Amino acid sequence: MIAAMQLSRDDVYVCNIVKCRPPRNRKPEPDEMNQCRPYLEEQLTLLQPRVIVALGATAVQGLLGTTEGITRLRGQWKLYRGEIPVMPTFHPAYLLRQPQSKREVWDDLREVLRHLERARPAE
């Protein structure tokens, strides 16, 4: 989908809410996310992203501090720290189990492209 957006892997930065994998690849616990939060915040401060695409419930919950599920949040713009636009969407692992949801993710990513186009500085 990155390539379909006319972007290369070098155009995007991938980071995780937690910086190590929990045992048996389980969902991170809130205290684990909180322990890793300073590292994530520093990454985002250094990167100054124009937009964040949050892939899955863990990403959205860790970034925004919400307990709402990804199905309810996906496709709706949110703000990280009141300033960076966040587009919640489904995690790629979910799409492997539910390939019919790829259309929804693609719709979300097209909205991200529209946002980036509107936010592009004038040359």
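This is a predicted model: local features need pLDDT of at least 70, side-chain atom pairs count only at pLDDT 80 or more; totals for chains, interfaces and linings use all residues.
Reader: Where is Gln48 then, and is it buried or exposed?

Author: Gln48 sits in the loop between helix H1 (30-47) and strand E1 (52-55). Gln48 counts as exposed because its relative accessibility is 64%, where buried means under 20% relative accessible area, exposed over 50% and partly exposed in between (1.4 Å probe, protein chains only).

Reader: Back to H1 itself, how far apart are its end C-alpha atoms?

Author: The end C-alpha atoms of H1 are 24 Å apart, which agrees with the 26 Å that its 18 residues should span at 1.5 Å a residue; the expected span is 1.5 Å times one less than the number of residues.

Reader: And where in H1 is the kink?

Author: A kink of about 45° lies at Arg37, shortly before the proline Pro38, and the bend at a residue is the angle between axes fitted to the seven residues ending there and the seven starting there.

Reader: Which residues of H1 are buried, and what do they pack against?

Author: The buried residues of H1 are Met33, Cys36, Leu40, Gln43 and Leu44, and they pack against E1, helix H2 (57-64) and E2. An α-helix has 3.6 residues a turn, so residues three or four places apart point the same way.

Reader: New topic: which residues touch the most other members of the largest nonpolar core?

Author: In that core of 26 residues, Ile17, Ile52, Leu63 and Tyr80 touch the most other members; such a core is a set of buried Ala, Val, Leu, Ile, Met, Phe, Trp, Tyr and Cys residues joined through side-chain atoms within 4.5 Å. The elements that give two or more residues to this core are H1, E1, H2, helix H3 (70-73), E3 and helix H5 (102-119), and H5 gives the most, with five residues.

Reader: What is Leu63 in contact with?

Author: If we leave aside its neighbours within four places in sequence, Leu63 is in contact (heavy atoms within 4.5 Å) with Ile17, Arg37, Leu40, Leu44, Ile52, Ala54, Tyr80 and Val86.

Reader: How many residues of E3 are buried?

Author: Six of its six residues are buried, with Ile84, Val86 and Pro88 on one side and Pro85, Met87 and Thr89 on the other.

Reader: How do E1 and E2 pair with E3?

Author: E1 and E3 pair in the parallel sense over four bridges, and the partner of Val53 in E3 is Met87. E2 and E3 run antiparallel and are joined by three bridges, with Tyr80 partnered by Ile84; two strands pair if DSSP finds at least two bridges between them.

Reader: What about Arg81 in that hairpin?

Author: The hairpin of E2 and E3 has three residues between the strands, and Arg81 takes a positive phi near 55° there. Arg81 counts as exposed because its relative accessibility is 52%.

Definitions and conventions: Residues are numbered from 1 along each chain as its sequence is written. Side-chain values use heavy atoms; hydrogens and water are left out.
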